[in-house]
Amino acid sequence: FGTPNAWIIACLVFLIGVTIRHYFNSIHARKGRPNWTWAVTVILFIAIAWLSSAPGFDGDVEQAEAVPLTRYEMRFAQAEGFEQAHEIVQGRCAMCHARAPAWDGLRWAPKGVLLETRADVARNARAIYLQAGVSHAMPPANITDIPQEDRALLTAWYRAGQ
Ligand code: HEC
């Protein structure tokens with residue numbers, strides 16, 4: 001479930017159901033053994049294995065920046081303290097929560113949570129508030145050393161936009 005390609009993987013799993021079913025239907029109808037279904041099943045399975053560790057097709061940051069903000073995003077982007085909140089998030093969160101994470105060992109943003117662009121930050125206001133403002137769940141083990149004052153700023157920003 002952890003990859004942005006989960007929906008493609010689900011589709012391929014359904015297709016594997018079709019190839020297996022076709023094989024048994026053919027045997028039971030005494031129409032021979034369509035052994036090609038084995039090959040197709042194996043190919044689909046390899047595709048699934050590959051997709052599960054391939055990066056998603058989220059596009060890049062420039063593309064994302066170009067999309068206009070929704071009304072919901074606008075509300076938090078215009079709330080008092082947004083510029084600072086965006087800066088904090090870029091400095092303390094974006095190395096992991098990026099379209100192409102810079103953090104060693106991460107191939108995509110954890111849980112698909114992107115925190116790079118203004119829209120990303122505005123859209124995730126509530127999650128940021130919960131994970132990094134009022135709780136210390138993020139960053140994990142405070143690995144990027146976010147000071148308590150910054151957490152307070154994130155909290156104040158979310159409450160201002162609420
Ligand atoms: C070192 C990498 C790293 C950094 C830095 C980091 N995160 Fe995360 N984040 C993770 C990982 C890993 C998870 C997935 C945790 C899990 O599966 O329970 C996660 C999950 C999340 C989630 C989803 C939580 C959920 O359960 O739905 C949010 C929201 C989030 N992070 C926000 C932030 C914010 C805000 C910051 C900065 C203050 C931040 N993260 C910094 C690695 C990081």
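**Exercise 1. Identify the protein donors of the iron atom of the ligand, and determine the arrangement of the donor atoms around this iron.**

Step 1. In this predicted model, local features need pLDDT of at least 70, side-chain atom pairs count only at pLDDT 80 or more, and totals for chains, interfaces and linings use all residues. Residues are numbered from 1 along each chain as its sequence is written, and side-chain values use heavy atoms, with hydrogens and water left out.

Step 2. Donors are N, O and S atoms within 2.8 Å of the metal (3.2 Å for Na, K and Ca), and since water is not among the atoms, sites may look incomplete. The protein supplies H97 through NE2 and M138 through SD, at 2.0 to 2.2 Å from the iron.

Step 3. Six donors count as octahedral if opposite donors are over 155 degrees apart and all others between 65 and 115. The six donor atoms here subtend angles of 88 to 179°, so the arrangement is octahedral.

**Exercise 2. Locate H97 and M138 in the chain, and decide whether H97 is buried or exposed.**

Step 1. Helices are DSSP runs of H or I with at least four residues, numbered from the N terminus. H97 sits in the loop between α5 (82-92) and α6 (118-123), M138 in the loop between α7 (125-133) and α8 (148-161), 41 residues apart.

Step 2. Buried means under 20% relative accessible area, exposed over 50%, and partly exposed in between (1.4 Å probe, protein chains only). H97, at 10%, is therefore buried, whereas M138, at 30%, is partly exposed.

**Exercise 3. Which form does the peptide bond from M138 to P139 take?**

Step 1. This bond is cis, with omega near -15°, and P139 lies in the loop between α7 and α8.

Terms used
Tetrahedral: all angles 85-135°; square planar, octahedral: opposite > 155°, others 65-115°. Helix = DSSP H or I, 4+ residues; strand = E, 2+ residues; numbered from the N terminus.
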